[in-house]
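Hi,

Here is the structure I promised to pass on to you. Have a look at it first, and then read my notes below.

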Amino acid sequence: PGTGNAGKIATVNVDGTAVTWSTNPASRVQVKQSTVLSVPTSGTFVEYAHELAVMPTTFEARLVCTVVNNGFAIGDNIPYTSVTNNAGPTFQLAADITKVTLVQNSSGGTREFFNRSTGALVPFNPAEWSVRIQVTLVT
């Protein structure tokens, strides 16, 4: 690359007569994350308004430990899918062009997850966890 084009990508037009330099594709990735949200209880939901105005490329929810418990330290993260329920899936995550919603099923059942130290299945206490939702948009 010429002077000032380090770290940029060259794009050549169709007939090969002009080169355009643009920044690294990573600069076209937007990542947004929610503030700390409460874990939804049975039959309730939490929403994160992502402000992208388009459908995110990817979206995820993580449970963040807020109280030392079951081998987890404060700040440890686990996927929301780590929590099981003998009455079906515990949580559902959905996105649209304005928000991401995490809902907990209302069918009852025992919410459980694995103790990090022993691997034993133990009760999940939502009061000991919070939720972070993250969206990524690649353009």
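This is a predicted model: local features need pLDDT of at least 70, side-chain atom pairs count only at pLDDT 80 or more; totals for chains, interfaces and linings use all residues.

Three strands make up an open sheet in the order β5-β10-β9, and their pairing is antiparallel. The edges are β5 (45-49) and β9 (91-95), each of which pairs on one side only. Ignoring direction, neighbouring strands here are turned by 15 degrees against each other on average. As for the link between β9 and β10, these antiparallel strands are joined by five bridges. In general, strands of a sheet pair through backbone hydrogen bonds, either parallel or antiparallel.

Opposite T101 of β10 stands A94. Is T101 buried or exposed? T101 counts as buried, because its relative accessibility is 17% and the cut-off for buried is under 20%. The T101 side chain has a polar contact with the side chain of E47, at 3.5 Å. Beyond its neighbours within four places in sequence, T101 is in contact with F45, V46, E47, Q92, L93 and A94.

Next, the nonpolar core. The largest one has 24 residues, and the members that touch the most others are L63, L102, F113, W129 and V131. Two or more residues each come from β5, β6, β9, β10 and β13 (129-138). With five residues, β13 gives the largest share of this core. If you select L102 and skip residues up to four places away in sequence, you will find that L102 touches P40, T44, F45, V46, A61, Y80, F91, Q92, L93 and V131.

Then there is H50, in the loop between β5 and β6. H50 counts as buried, because its relative accessibility is 1%. Where does the side chain of H50 reach? The H50 side chain comes to the backbone nitrogen of L52, at 3.1 Å. Leaving out neighbours within four places in sequence, the contacts of H50 are K32, P56, D96, I97, T98, K99, V100 and V135.

How many salt bridges does a search of the whole structure find? The search finds three. In general, side chains of opposite charge can pair when their charged atoms come close.

- D96 and K99 form a salt bridge, with the closest N and O atoms 2.9 Å apart. D96 is partly exposed, at a relative accessible area of 27%, and K99 also counts as partly exposed, at 26% relative accessibility.
- D76 and R116 form a salt bridge whose closest N and O atoms are 2.6 Å apart. This pair links distant parts of the chain, 40 residues apart: D76 is in the loop between β6 (58-65) and β7 (77-79), and R116 is in the loop between β11 (111-114) and β12 (121-123). R116 is exposed, with a relative accessible area of 52%.
- R62 and E60 meet through their side chains in a salt bridge, at 3.2 Å from N to O. R62 is buried, with a relative accessible area of 18%, whereas E60 is partly exposed at 35%.

Best wishes

Conventions:
Residues are numbered from 1 along each chain as its sequence is written. Side-chain values use heavy atoms; hydrogens and water are left out. Buried means under 20% relative accessible area, exposed over 50%, partly exposed in between (1.4 Å probe, protein chains only). A polar contact is a pair of N or O atoms within 3.5 Å; within protein, one must be able to donate a hydrogen and the other to accept it, and residues adjacent in sequence count only if both atoms are side-chain atoms. Contact means heavy atoms within 4.5 Å. Two strands pair if DSSP finds at least two bridges between them. Helices (H or I, at least four residues) and strands (E, at least two) are DSSP runs, numbered from the N terminus. Axes are lines fitted to C-alpha atoms, for helices over the stretch in contact, and angles run from 0 to 180 degrees between N-to-C directions. A salt bridge is a side-chain nitrogen of Lys or Arg within 4 Å of a carboxyl oxygen of Asp or Glu. A nonpolar core is a set of buried Ala, Val, Leu, Ile, Met, Phe, Trp, Tyr and Cys residues joined through side-chain atoms within 4.5 Å.
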